[in-house]
Amino acid sequence: MSVTPQRSVISRILMEDIKRLAEQGKRVDGRSFKEYRPINVITDYAKKADGSALVELGTTKVLVGVKIQVGTPFSDTPDKGILTVNAEFLPLASESFEPGPPNEDAISLARYVDRGLRESDALDFSSLVISPGEWVYMVMVDVYVLDHGGNLIDASTLAALSALATTKLPIYELTDNGVEKTDETRPLRLTHRPLSITFAVLGDNLLLDPNINEENAIGTLLSYTIFDNEHICACQKFGPNPLSLDMVLEGFETACEKYKTLLDLLYREAILNGE
Amino acid sequence: MTESEVRLIDEKGLRVDGRRPDELRPITFKIGVLENANGSAYIEQGKCKIIAAVYGPHEVHPRHLSMPHRAVLRCRYHMAPFSVPDRRKSPAPTRREIELSKVIREALEPIIFTELYPRTAIDIFIEVLQADGGTRCAGLTVASLALADAGIPLRGLVAACAAGKVDGKIVLDLNDVEDKEGEADLPVAYIPALNKILLLQMDGILSASEFKEAINLALEGCKRIHSLQVEALRNRYISMEG
Amino acid sequence: MTNRIVLPGDVVAEGRFRIGENVYRLGNKIIASRVGLARIEKGVVSVIALHSFYMPQKGDTVIGIIEDIGITNWSVDINSPYVAVLPATSIFKRNFDPVKHDLKSELDIGDVIIAEILQFDRTIDPILGFKSREHGKVKDGLVVEMTPSKIPRLIGRKASMLNMIQKKTGCKLFIGQNGRVLIHSQDKAMIDLVVKVIRRIEREAHVSGLTDRISKMLDEGMERRTK
């Protein structure tokens, strides 16, 4: 059962500041409505994983680890590999995170990141087959939130894509009694590059990449997962504030612009190969 | 991607169930179907059968869940084990049910006058008895009627509808086959009284212009469903008042 | 006069009006928040709700049912989102001693009481007290619930409806503001008739000529009885 969450205590003064500045087109940290905070991506961070990336987005820190396993495919897709995405909001990341199994927020985030990767067919699932109907690769993506500084969504999708782009897939061979891991690896093939662009919804304004104060004060996020040329593969409103149609369409346009910004960052860091 | 053996739109432009691209499935409502709930309603939309019940406002236990200035909402979207062909084995909520309970609650939060009932809870239960695509939308639509039936003050009625892309064409109100085999699904919830969108999700692949077309079509569907809600509530009132 | 049926979200009026019950203002429009009949009277816009629930008001007389027994008070169901509290001192007065006095012996779970709401605000549960001779434990009678907003219709202008019912059936009615009615009579058939009358008033509260129709219904009911 989903229950109205207790709001994090946020000072009334801060809330008023955020609203007052927004009316003038400004934000508390001086950014424009369409500006990201500083982004840092470190790949191959968790050396025991098959792929990993740590993203620092402002003060938010998210680590994604990718593990490759093998197993039987689902009966309705015998010729496709399997993707699972799980997210953990670690108690050390925020005072409001309690230990225990993933709550509805962690589950929503994991499912949203999953949809972005799955619907865009980013991983070319047909290439992750060892023996159709019997053995396929299982790509397990684990999103670990280490520090909640706002906008976990973009940090997570950016980390997930970076981790997958630099994952070394251990190659398995078919043997007489199953499969065997070889010593060889190959890069995971990415056919598409989905990334999310998330805004906080404050009245009629969309504020890109909210920091933790903005997120707590405003309470509602609108996220678009863009891939390739102005195509969208996932979209979701998180939180109770209502939206207008104009705002949704405007947000899409801005998301497409900012997608290029994020891609450029990944090219510069040589995480993705530029086209 | 494997080739789809199923053609979802035929040469005449009709869908698997004979509908035109912009046609809703047949919808019927029944209001006040449960004796114990404070408010209840039932919807049949195509082959979907969903019942919603509302209890409250009533006091909350445990107390720490309550809020000093408003009522909390507790929302449960749940699919009966027999609602889909593969009977579910575990009674625990699935991750999908957990997510949908949350997005449905968030869609209803801004339209209920929760500030009138501090320290109480309003419980909303949505049970999917038979599923055939579009259950979160139908569930939200019928929950809105159950809330009105319970006499909970609302800013307006909420209607929800999905649009999507099937065989390259933008269509309204996808059934299960279309949702599974189609290229995109975009559920939307809308409140005509405030002209606002309360639920928005999308998965699949859409270009910018397709996204715009789909969301407009979904809103059109919501408005039509709202008319049906209005008719059902009016008829309910007339039948009760004699 | 038949009023218009409105639903949540319907525009009831536009312009300079005062806000009454079950409506809210959005810009220039006044919009219904509940299903019911629109009413615009003396510059006030309101909706007579089909279904609403009782919100406690200080000074109201209510019919309650004991639902739990504590150490220094009873919890009372008053047909409202809020559970009321009846302090032990209402019965035991200032000599109340939790060690000596047993609350259960005076009022047990399920007992019916008539009481007044002494206090209620957004921070505490309603507190009840016995203020008049009519208040206290109810020894017998049938408790019936009806929509609180229709209670005034059951009473009628200057208690005309209530008096008519009591006179014709010989039943004694006690009406709680919280949508509960207590019906006293030795005659079960008369109690049944009164319950039917109450249900009809609920259904037809807004239709004119109700008093006459109820009068007729009562006469017919009495006639059938003597046959």
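**View 1. The contact between chain A and chain B in the predicted model.** In this predicted model, 32 residues of chain A are in contact with 35 residues of chain B. On the side of chain A that touches chain B, strand 1 (2-3), helix 2, strand 13 (231-238) and helix 5 (245-268) of chain A each supply at least two residues, and the largest share, seven residues, comes from strand 13 of chain A. Sorted by class, this side of chain A holds 15 nonpolar, nine polar and eight charged residues. Of the two pairs of chains that touch, chains A and B have the most contacts between them.

**View 2. Strand pairing across chains A and B.** Strand 1 of chain A pairs with strand 4 (residues 72-79) of chain B in the antiparallel sense, over two bridges. Within this view, Ser2(A) stands opposite Cys75(B), a residue in strand 4 of chain B.

**View 3. The contact between chain C and chain B.** Here 21 residues from chain C meet 24 residues from chain B, and the side of chain C that touches chain B divides into 12 nonpolar, five polar and four charged residues. Chain C does not touch chain A, the nearest C-alpha atoms of these two chains being 15 Å apart.

**View 4. Packing of helix 2 against helix 3 in chain A.** Helix 2 (residues 104-119) and helix 3 (residues 152-165) of chain A pack with their axes 10 Å apart and at an angle of about 45 degrees, and the two helices are therefore oblique to each other. The crossing in which helix 2 of chain A passes helix 3 of chain A is right-handed. From helix 2 of chain A the contact draws on Leu109(A), Tyr112(A), Val113(A), Gly116(A) and Leu117(A), and from helix 3 of chain A on Leu152(A), Ile153(A), Ser156(A), Thr157(A) and Ala160(A). Seven of these contact residues are nonpolar and three are polar, with no charged residue among them.

**View 5. Domain 2 and domain 3 of chain C.** Chain C is divided into domain 1 (5-49), domain 2 (61-137) and domain 3 (142-226), and the centres of domain 2 and domain 3 of chain C, taken over C-alpha atoms, are separated by 28 Å. Eight residues from domain 2 of chain C and nine residues from domain 3 of chain C make up the contact. On the side of domain 2 of chain C that touches domain 3 of chain C, the elements giving two or more residues are strand 8 (61-69) and strand 11 (112-121) of chain C, and strand 8 of chain C gives the most, with three residues. That side of domain 2 of chain C comprises five nonpolar and three polar residues, and no charged ones.

Definitions and conventions. Residues are numbered from 1 along each chain as its sequence is written. Chains are lettered from A and ligands numbered from 1 in the order in which they are written. This is a predicted model: local features need pLDDT of at least 70, side-chain atom pairs count only at pLDDT 80 or more; totals for chains, interfaces and linings use all residues. Two residues are in contact if their C-beta atoms, placed from the backbone, lie within 7 Å. Ala, Val, Leu, Ile, Met, Phe, Trp, Tyr, Cys and Pro count as nonpolar, Asp, Glu, Lys and Arg as charged, and the others, Gly among them, as polar. Axes are lines fitted to C-alpha atoms, for helices over the stretch in contact, and angles run from 0 to 180 degrees between N-to-C directions. Helices (H or I, at least four residues) and strands (E, at least two) are DSSP runs, numbered from the N terminus. Angles under 35 degrees count as roughly parallel, over 145 as roughly antiparallel, 65 to 115 as roughly perpendicular and the rest as oblique. A crossing is left-handed if the near helix is turned anticlockwise from the far one by less than a right angle, and right-handed if clockwise. Two strands pair if DSSP finds at least two bridges between them. Domain bounds come from an automatic or database domain assignment.
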